[in-house]
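Trainee: Could you take me through a structure and show me how to read its features, beginning with the ideas I need?

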Amino acid sequence: MNDSSWGLPPVAGYVGPPADQPRAAPAGPVRESGPAAQTRPMSNVPAPSGGEPERWGENEGRQPGKKRAGRNLRAAVGVGLGLGAVVVATLFLYKPAFLAVIVAAVVVGSWELSARLAERKRIHVPLPPLAVGGAATVVAGYLGGPEGAWVATAFTALAILVWRMIHPPENYLRDVTAGVFTAFYVPFLATFVALMLAADDGHWRVLTFLVLTVVSDTGAYAVGWRVGRRKLAPRISPGKTREGLAGAVAFAMAAGALCMHFLIDGGTWWEGLVLGLGVAASATLGDLGESMIKRDLGIKDMGTLLPGHGGIMDRLDSLLPTAPVVWLLLLAFAGAG
(Lines give C-alpha, C1' and ligand atoms only; values in the text may rest on other atoms or scores of the structure.)
Protein backbone atom coordinates (compact mmCIF):
# COMPACT_ATOMS: atom_id res chain seq x y z
CA MET A 1 0.00 0.00 0.00
CA ASN A 2 1.03 3.64 -0.36
CA ASP A 3 0.38 6.92 1.38
CA SER A 4 -2.83 7.73 -0.47
CA SER A 5 -4.52 4.44 0.40
CA TRP A 6 -5.96 5.41 3.76
CA GLY A 7 -8.16 8.39 3.11
CA LEU A 8 -6.61 11.83 3.24
CA PRO A 9 -5.32 13.48 0.07
CA PRO A 10 -1.64 12.58 -0.27
CA VAL A 11 0.39 15.42 1.21
CA ALA A 12 3.93 14.50 2.12
CA GLY A 13 5.64 15.70 5.23
CA TYR A 14 9.06 14.88 3.91
CA VAL A 15 10.96 16.26 0.96
CA GLY A 16 14.15 15.18 -0.71
CA PRO A 17 17.64 16.46 0.11
CA PRO A 18 18.14 20.25 0.20
CA ALA A 19 18.97 21.93 -3.08
CA ASP A 20 22.45 22.88 -1.86
CA GLN A 21 23.32 19.31 -0.94
CA PRO A 22 25.05 17.36 -3.74
CA ARG A 23 23.02 14.46 -5.08
CA ALA A 24 24.52 11.02 -4.58
CA ALA A 25 26.21 9.67 -7.66
CA PRO A 26 24.41 6.59 -9.06
CA ALA A 27 26.16 3.34 -8.30
CA GLY A 28 25.26 -0.33 -8.67
CA PRO A 29 21.93 -1.19 -10.29
CA VAL A 30 20.68 2.38 -10.49
CA ARG A 31 17.73 3.97 -12.18
CA GLU A 32 18.11 5.58 -15.55
CA SER A 33 17.52 9.24 -16.06
CA GLY A 34 14.62 10.60 -18.03
CA PRO A 35 11.32 8.83 -18.73
CA ALA A 36 12.70 5.40 -17.88
CA ALA A 37 13.55 6.35 -14.31
CA GLN A 38 12.96 3.58 -11.80
CA THR A 39 11.50 5.76 -9.06
CA ARG A 40 9.83 9.09 -8.63
CA PRO A 41 11.76 11.35 -6.22
CA MET A 42 9.91 13.75 -3.98
CA SER A 43 10.42 17.42 -4.63
CA ASN A 44 9.91 20.61 -2.73
CA VAL A 45 6.72 21.89 -4.36
CA PRO A 46 4.72 24.31 -2.20
CA ALA A 47 1.24 23.18 -1.27
CA PRO A 48 -1.62 25.28 -2.69
CA SER A 49 -2.81 26.12 0.80
CA GLY A 50 0.61 27.18 1.98
CA GLY A 51 0.91 24.13 4.19
CA GLU A 52 3.23 21.16 3.80
CA PRO A 53 5.02 20.62 0.47
CA GLU A 54 3.51 18.12 -1.91
CA ARG A 55 5.17 15.16 -3.50
CA TRP A 56 6.30 15.17 -7.09
CA GLY A 57 3.46 15.17 -9.59
CA GLU A 58 0.66 14.93 -7.01
CA ASN A 59 -1.18 18.05 -8.12
CA GLU A 60 -0.90 17.82 -11.89
CA GLY A 61 -4.30 18.38 -13.47
CA ARG A 62 -6.06 18.17 -10.12
CA GLN A 63 -8.91 20.36 -8.99
CA PRO A 64 -8.40 22.05 -5.61
CA GLY A 65 -9.72 19.99 -2.72
CA LYS A 66 -10.49 16.96 -4.87
CA LYS A 67 -9.35 13.60 -3.50
CA ARG A 68 -7.47 11.25 -5.77
CA ALA A 69 -5.48 8.09 -5.28
CA GLY A 70 -2.43 9.27 -7.20
CA ARG A 71 -2.34 6.00 -9.17
CA ASN A 72 -3.49 4.73 -12.55
CA LEU A 73 -6.52 2.84 -11.27
CA ARG A 74 -7.16 0.91 -14.47
CA ALA A 75 -3.56 -0.28 -14.70
CA ALA A 76 -3.50 -1.08 -10.98
CA VAL A 77 -6.64 -3.23 -11.23
CA GLY A 78 -5.38 -5.04 -14.32
CA VAL A 79 -1.99 -5.80 -12.82
CA GLY A 80 -3.60 -6.82 -9.54
CA LEU A 81 -5.93 -9.27 -11.24
CA GLY A 82 -3.06 -10.71 -13.27
CA LEU A 83 -0.90 -11.21 -10.19
CA GLY A 84 -3.84 -12.74 -8.34
CA ALA A 85 -4.42 -15.24 -11.13
CA VAL A 86 -0.75 -16.30 -11.13
CA VAL A 87 -0.72 -16.65 -7.35
CA VAL A 88 -3.92 -18.72 -7.14
CA ALA A 89 -3.00 -20.95 -10.10
CA THR A 90 0.47 -21.81 -8.80
CA LEU A 91 -0.71 -22.11 -5.19
CA PHE A 92 -3.40 -24.73 -5.89
CA LEU A 93 -1.96 -26.53 -8.91
CA TYR A 94 1.68 -27.08 -7.90
CA LYS A 95 3.28 -25.96 -4.64
CA PRO A 96 6.87 -25.80 -5.98
CA ALA A 97 5.64 -23.36 -8.64
CA PHE A 98 4.30 -21.06 -5.94
CA LEU A 99 7.59 -21.46 -4.09
CA ALA A 100 9.29 -20.19 -7.26
CA VAL A 101 6.96 -17.16 -7.19
CA ILE A 102 8.11 -16.39 -3.63
CA VAL A 103 11.76 -16.73 -4.65
CA ALA A 104 11.28 -14.43 -7.64
CA ALA A 105 9.58 -11.80 -5.46
CA VAL A 106 12.41 -12.02 -2.92
CA VAL A 107 15.16 -11.60 -5.52
CA VAL A 108 13.46 -8.69 -7.30
CA GLY A 109 12.50 -7.01 -4.02
CA SER A 110 16.07 -7.29 -2.72
CA TRP A 111 17.38 -5.79 -5.96
CA GLU A 112 14.92 -2.88 -5.79
CA LEU A 113 15.87 -2.01 -2.23
CA SER A 114 19.61 -2.32 -2.86
CA ALA A 115 19.31 -0.22 -6.02
CA ARG A 116 17.53 2.58 -4.17
CA LEU A 117 20.10 2.49 -1.35
CA ALA A 118 22.93 2.85 -3.87
CA GLU A 119 21.12 5.54 -5.83
CA ARG A 120 20.04 7.75 -2.95
CA LYS A 121 22.50 7.01 -0.11
CA ARG A 122 25.62 5.61 -1.81
CA ILE A 123 25.16 2.42 0.20
CA HIS A 124 26.39 -0.53 -1.85
CA VAL A 125 24.69 -3.73 -0.70
CA PRO A 126 26.53 -6.90 -1.87
CA LEU A 127 23.73 -8.06 -4.16
CA PRO A 128 24.98 -11.45 -5.49
CA PRO A 129 25.27 -13.15 -2.06
CA LEU A 130 22.06 -11.44 -0.96
CA ALA A 131 20.08 -12.71 -3.96
CA VAL A 132 21.50 -16.26 -3.87
CA GLY A 133 21.28 -16.46 -0.09
CA GLY A 134 17.75 -15.04 -0.06
CA ALA A 135 16.54 -17.64 -2.55
CA ALA A 136 18.28 -20.37 -0.55
CA THR A 137 16.65 -19.15 2.66
CA VAL A 138 13.15 -19.46 1.19
CA VAL A 139 13.84 -22.96 -0.16
CA ALA A 140 15.52 -24.04 3.08
CA GLY A 141 12.51 -22.87 5.06
CA TYR A 142 10.16 -24.86 2.84
CA LEU A 143 12.26 -28.05 3.00
CA GLY A 144 13.81 -27.81 6.47
CA GLY A 145 11.39 -25.73 8.51
CA PRO A 146 12.36 -22.86 10.81
CA GLU A 147 15.75 -24.41 11.58
CA GLY A 148 16.63 -24.50 7.89
CA ALA A 149 15.57 -20.89 7.46
CA TRP A 150 17.74 -19.72 10.37
CA VAL A 151 20.80 -21.61 9.14
CA ALA A 152 20.41 -20.26 5.59
CA THR A 153 19.96 -16.70 6.91
CA ALA A 154 23.10 -16.99 9.02
CA PHE A 155 25.14 -18.16 6.04
CA THR A 156 23.66 -15.39 3.91
CA ALA A 157 24.82 -12.80 6.44
CA LEU A 158 28.28 -14.40 6.51
CA ALA A 159 28.46 -14.39 2.70
CA ILE A 160 27.57 -10.69 2.65
CA LEU A 161 30.42 -9.90 5.06
CA VAL A 162 32.92 -11.93 3.03
CA TRP A 163 31.79 -10.71 -0.41
CA ARG A 164 32.20 -7.07 0.61
CA MET A 165 35.85 -7.75 1.50
CA ILE A 166 36.84 -7.78 -2.18
CA HIS A 167 36.22 -4.01 -2.28
CA PRO A 168 38.10 -1.23 -0.44
CA PRO A 169 37.49 -1.06 3.33
CA GLU A 170 35.90 2.40 3.25
CA ASN A 171 32.23 2.19 4.35
CA TYR A 172 32.54 -1.57 4.90
CA LEU A 173 30.46 -1.51 8.09
CA ARG A 174 27.75 0.64 6.49
CA ASP A 175 27.41 -1.61 3.44
CA VAL A 176 27.32 -4.93 5.27
CA THR A 177 24.87 -3.55 7.85
CA ALA A 178 22.50 -2.57 5.06
CA GLY A 179 23.04 -5.97 3.43
CA VAL A 180 22.20 -7.91 6.60
CA PHE A 181 19.19 -5.66 7.20
CA THR A 182 17.94 -6.40 3.67
CA ALA A 183 18.48 -10.14 4.19
CA PHE A 184 16.24 -10.10 7.24
CA TYR A 185 13.71 -7.61 5.91
CA VAL A 186 13.00 -9.31 2.58
CA PRO A 187 13.97 -13.01 2.26
CA PHE A 188 13.80 -13.98 5.93
CA LEU A 189 10.32 -12.54 6.47
CA ALA A 190 9.14 -13.97 3.14
CA THR A 191 10.31 -17.42 4.28
CA PHE A 192 7.37 -17.55 6.69
CA VAL A 193 5.11 -17.82 3.64
CA ALA A 194 7.13 -20.88 2.59
CA LEU A 195 6.74 -22.28 6.11
CA MET A 196 2.96 -21.97 5.81
CA LEU A 197 3.07 -23.52 2.34
CA ALA A 198 4.94 -26.59 3.64
CA ALA A 199 1.99 -27.69 5.83
CA ASP A 200 -0.41 -30.34 4.53
CA ASP A 201 -3.10 -27.68 4.21
CA GLY A 202 -0.50 -25.10 3.21
CA HIS A 203 -2.39 -23.75 0.23
CA TRP A 204 -5.33 -22.83 2.48
CA ARG A 205 -3.05 -21.24 5.06
CA VAL A 206 -1.29 -19.13 2.44
CA LEU A 207 -4.63 -18.17 0.89
CA THR A 208 -5.89 -17.08 4.31
CA PHE A 209 -2.75 -14.99 4.80
CA LEU A 210 -3.12 -13.30 1.41
CA VAL A 211 -6.87 -12.73 1.72
CA LEU A 212 -6.63 -11.17 5.17
CA THR A 213 -3.78 -8.86 4.18
CA VAL A 214 -5.59 -7.70 1.04
CA VAL A 215 -8.87 -7.27 2.94
CA SER A 216 -7.09 -5.26 5.64
CA ASP A 217 -5.59 -2.91 3.04
CA THR A 218 -8.94 -2.68 1.22
CA GLY A 219 -10.82 -1.89 4.42
CA ALA A 220 -8.33 0.85 5.26
CA TYR A 221 -8.74 2.32 1.79
CA ALA A 222 -12.54 2.08 1.65
CA VAL A 223 -13.23 3.54 5.09
CA GLY A 224 -10.40 6.05 5.08
CA TRP A 225 -11.22 7.35 1.61
CA ARG A 226 -14.83 7.95 2.58
CA VAL A 227 -14.68 9.26 6.13
CA GLY A 228 -10.96 9.61 6.95
CA ARG A 229 -10.23 12.87 8.73
CA ARG A 230 -7.78 12.33 11.59
CA LYS A 231 -4.23 11.51 10.54
CA LEU A 232 -2.69 8.35 11.95
CA ALA A 233 1.03 9.12 11.57
CA PRO A 234 1.38 12.44 9.73
CA ARG A 235 5.18 12.59 9.92
CA ILE A 236 5.57 9.11 8.43
CA SER A 237 2.63 8.63 6.09
CA PRO A 238 0.37 11.69 5.88
CA GLY A 239 -2.32 9.95 3.82
CA LYS A 240 -3.23 7.38 6.48
CA THR A 241 -6.02 8.06 8.93
CA ARG A 242 -7.28 6.62 12.19
CA GLU A 243 -10.61 5.92 10.52
CA GLY A 244 -8.75 3.94 7.87
CA LEU A 245 -7.06 1.89 10.59
CA ALA A 246 -10.44 1.17 12.16
CA GLY A 247 -11.67 0.00 8.75
CA ALA A 248 -8.65 -2.28 8.38
CA VAL A 249 -9.30 -3.85 11.79
CA ALA A 250 -13.04 -4.35 11.15
CA PHE A 251 -12.62 -5.81 7.67
CA ALA A 252 -9.71 -8.08 8.66
CA MET A 253 -11.47 -9.43 11.76
CA ALA A 254 -14.62 -10.24 9.81
CA ALA A 255 -12.63 -11.93 7.06
CA GLY A 256 -10.54 -13.76 9.65
CA ALA A 257 -13.63 -15.25 11.29
CA LEU A 258 -14.87 -16.50 7.89
CA CYS A 259 -11.49 -17.87 6.80
CA MET A 260 -10.80 -19.73 10.03
CA HIS A 261 -14.29 -21.27 9.97
CA PHE A 262 -14.39 -22.31 6.31
CA LEU A 263 -10.75 -22.72 5.20
CA ILE A 264 -8.74 -23.98 8.19
CA ASP A 265 -9.51 -27.40 9.65
CA GLY A 266 -10.44 -27.12 13.31
CA GLY A 267 -10.51 -23.33 13.18
CA THR A 268 -13.11 -21.33 15.06
CA TRP A 269 -14.61 -17.93 14.42
CA TRP A 270 -13.14 -16.34 17.57
CA GLU A 271 -9.65 -17.47 16.54
CA GLY A 272 -10.33 -15.75 13.24
CA LEU A 273 -11.10 -12.52 15.07
CA VAL A 274 -7.73 -12.68 16.83
CA LEU A 275 -6.01 -13.54 13.55
CA GLY A 276 -7.68 -10.63 11.76
CA LEU A 277 -6.67 -8.20 14.50
CA GLY A 278 -3.07 -9.40 14.29
CA VAL A 279 -3.06 -9.01 10.51
CA ALA A 280 -4.45 -5.47 10.64
CA ALA A 281 -1.82 -4.44 13.19
CA SER A 282 1.15 -6.03 11.42
CA ALA A 283 0.06 -4.87 7.95
CA THR A 284 -0.28 -1.30 9.21
CA LEU A 285 3.11 -1.36 10.92
CA GLY A 286 4.71 -2.86 7.82
CA ASP A 287 3.18 -0.19 5.64
CA LEU A 288 4.42 2.54 7.96
CA GLY A 289 7.85 0.92 8.14
CA GLU A 290 8.36 1.00 4.38
CA SER A 291 6.97 4.54 4.26
CA MET A 292 9.68 5.46 6.77
CA ILE A 293 12.34 3.92 4.51
CA LYS A 294 11.02 5.77 1.45
CA ARG A 295 10.87 9.06 3.37
CA ASP A 296 14.50 8.59 4.35
CA LEU A 297 15.45 7.82 0.75
CA GLY A 298 13.33 10.69 -0.58
CA ILE A 299 11.39 8.56 -3.09
CA LYS A 300 7.74 7.82 -3.75
CA ASP A 301 8.06 4.26 -5.09
CA MET A 302 10.70 1.55 -4.86
CA GLY A 303 10.39 0.86 -8.60
CA THR A 304 8.14 0.90 -11.64
CA LEU A 305 7.94 -2.80 -12.47
CA LEU A 306 4.20 -3.02 -11.73
CA PRO A 307 2.16 -0.31 -13.53
CA GLY A 308 -0.23 1.40 -11.14
CA HIS A 309 1.46 -0.18 -8.12
CA GLY A 310 5.12 0.87 -8.19
CA GLY A 311 7.69 -1.84 -7.58
CA ILE A 312 7.59 -5.29 -6.03
CA MET A 313 8.60 -3.86 -2.65
CA ASP A 314 5.66 -1.46 -2.83
CA ARG A 315 3.39 -4.54 -2.83
CA LEU A 316 5.34 -6.47 -0.21
CA ASP A 317 5.33 -3.71 2.43
CA SER A 318 2.33 -5.06 4.36
CA LEU A 319 2.80 -8.72 3.37
CA LEU A 320 6.33 -9.23 4.72
CA PRO A 321 5.75 -8.37 8.41
CA THR A 322 2.34 -10.06 8.34
CA ALA A 323 3.71 -13.46 7.26
CA PRO A 324 5.37 -14.38 10.61
CA VAL A 325 2.30 -13.19 12.53
CA VAL A 326 -0.08 -15.38 10.52
CA TRP A 327 2.32 -18.34 10.60
CA LEU A 328 2.63 -18.16 14.39
CA LEU A 329 -1.09 -17.73 15.08
CA LEU A 330 -2.07 -20.55 12.70
CA LEU A 331 0.56 -22.73 14.36
CA ALA A 332 -0.98 -21.96 17.75
CA PHE A 333 -4.60 -22.41 16.62
CA ALA A 334 -4.37 -25.24 14.08
CA GLY A 335 -1.01 -26.90 14.76
CA ALA A 336 1.80 -27.59 12.33
CA GLY A 337 -0.56 -29.11 9.76
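Mentor: Let us start with burial: a residue is called buried under 20% relative accessible area, exposed over 50%, and partly exposed in between, using a 1.4 Å probe and protein chains only. This is a predicted model, in which local features need pLDDT of at least 70 and side-chain atom pairs count only at pLDDT 80 or more, while totals for chains, interfaces and linings use all residues. Residues are numbered from 1 along each chain as its sequence is written, and side-chain values use heavy atoms, with hydrogens and water left out.

Trainee: Is D175 buried or exposed?

Mentor: D175 counts as buried, because its relative accessibility is 1%, whereas R174 is partly exposed, with a relative accessible area of 31%.

Trainee: What joins the side chains of R174 and D175?

Mentor: Side chains of opposite charge can pair when their charged atoms come close. A salt bridge is a side-chain nitrogen of Lys or Arg within 4 Å of a carboxyl oxygen of Asp or Glu, and R174 and D175 form one at 3.5 Å, N to O. These two residues are also linked with R164 in a network of salt bridges.

Trainee: How many salt bridges does the structure hold?

Mentor: There are 8 salt bridges, including one between R116 and E119, whose closest N and O atoms are 3.2 Å apart. R116 and E119 are both buried.
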